[in-house]
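Me: I've got a structure open and I'd like to work through it with some questions. Can we take it step by step?

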Amino acid sequence: MVLYKLEDFEPSYQESFDGHDIKGLGVYTQGNDEKVGTVSDVLVDEEGHFRYLIVDLGFWIFGKKVLLPIGRARVDYNTDRVYTIGLTREQAEDLPEFDERQTLDYDYEERVRGVYRQPTDYNLPVEAATPLDPLAGLDPLGAPVAALGTTPTYARDSYTYENEPALYGLNEQDHQTLRLYEERLIASKRRQKTGEVTIGKRVETDTARVAVPVERERVVIERVTPADAGTAVSGREADFREGEVARIELHEETPEIRKEAFLREEVRVRKVVDQDTVETQETVRREELDVNSANLPIEER
């Protein structure tokens, strides 16, 4: 069975625990509150089920890391502590050291399980136990325990973690509410400036032509022969005057041009709103419940 570190299996695992991080929590013995060490990491199986806590036993055994099956732990986020169930200093000394550089195989896990299968202080004697019944009773937490003087054995090829709920099952008092999340697309609109239109006036010049009729006076001198030409006149009528001049004034019109401003047109500027529908898509995630009941009856409500 392949096991993974929690962060390698699910980098965003803290979101499933309301931002809590089990790594770094102090590990204490249940009952006397003696500090054992610190949780340095978590191992999960291929389906994401918690199987072991990696505990640094710095307060008991300097520099040694061991595996604590999840069924032997109780996580209390209210106090930021992990309580071990039935772990003694002697067991901690007997546990094989966890080395991240070595392969975690069935034989190594069996060495770990063998230590935790040993009777502990909280095991109750089971009078009805027989050598033929390796799981003959229940401990105070409701988990099956080996009958006195017996050790359960399992086949390498058929072993599953569900075979030993006392080691890998979450006790009823320690169960947590698992919140399943899903992502939804929330459509909203954001108003943003796309451009600017500037409207102004400029003055252009042009040459305008207008036709103005004008009058100009000129002198026309006509010489005509009167009808009585050649008729003698008296001395009184023949009034010879030297230097007599006839004066005639001449006039002409010249155009006078002036400019007047007239309203030509009005320009009205306004905005209109065009409505359109824009479709977009995005990938959303949803969490589904994965129940591994080991063929046990489960009622979902």
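This is a predicted model: local features need pLDDT of at least 70, side-chain atom pairs count only at pLDDT 80 or more; totals for chains, interfaces and linings use all residues.

Me: Which residue forms an aromatic pair with Tyr 4, and is the pair stacked, edge-to-face or tilted?

Reply: Two rings are described by the distance of their centres and the angle of their planes. Here the centres of Tyr 4 and Phe 9 are 6.1 Å apart, with 40 degrees between the planes. Under 30 degrees would count as stacked and over 60 as edge-to-face, so the pair with Phe 9 is tilted.

Me: Is Phe 9 buried, partly exposed or exposed?

Reply: Buried means under 20% relative accessible area, and exposed means over 50%. Phe 9 comes in at 34%, so the label is partly exposed.

Me: What about Tyr 106 and Tyr 159: how are their rings arranged?

Reply: Their centres also lie 6.1 Å apart, and the planes make an angle of 65 degrees. Edge-to-face needs over 60 degrees, so this pair is edge-to-face.

Me: How many residues apart in sequence are the parts that this pair ties together?

Reply: Look at where each one sits: Tyr 106 is in helix α3 (residues 106–116), while Tyr 159 is in the loop between β9 (144–146) and α4 (165–168). Both tyrosines are buried. The pair therefore ties together parts whose separation in sequence is 53 residues.

Me: Which residues form one aromatic cluster with Tyr 106 and Tyr 159?

Reply: By the pairing rule there are six aromatic pairs in the model. Tyr 106 and Tyr 159 belong to one cluster, and the other members are Tyr 52, Tyr 161 and Tyr 168.

Me: Which residues touch the most other members of the largest nonpolar core?

Reply: That core has 38 residues. The residues touching the most other members are Tyr 52, Leu 53, Leu 67 and Val 82.

Me: Which residue lies over the face of Tyr 28, and at what distance from the ring centre?

Reply: Tyr 28 is also among the contacts of Val 82, as are Leu 53 and Val 39. Over the face of Tyr 28 you'll find Arg 81, and the distance from the ring centre is 3.8 Å.

Me: Where is Asp 33, and what is its phi?

Reply: Asp 33 lies in the loop between β2 (26–29) and β3 (35–44), and is partly exposed at 41%. Most residues other than glycine have a negative phi. Asp 33 has a positive one, near 55 degrees.

Methods: Residues are numbered from 1 along each chain as its sequence is written. Side-chain values use heavy atoms; hydrogens and water are left out. Helices (H or I, at least four residues) and strands (E, at least two) are DSSP runs, numbered from the N terminus. Buried means under 20% relative accessible area, exposed over 50%, partly exposed in between (1.4 Å probe, protein chains only). Rings of Phe, Tyr and Trp (its six-membered ring) pair if their centres lie within 6.5 Å; planes under 30 degrees apart count as stacked, over 60 as edge-to-face and the rest as tilted. A charge sits over a ring if NZ of Lys or CZ of Arg is within 6 Å of the ring centre and within 35 degrees of the ring normal. A nonpolar core is a set of buried Ala, Val, Leu, Ile, Met, Phe, Trp, Tyr and Cys residues joined through side-chain atoms within 4.5 Å. Contact means heavy atoms within 4.5 Å. Lists of a residue's contacts leave out its neighbours within four places in sequence.
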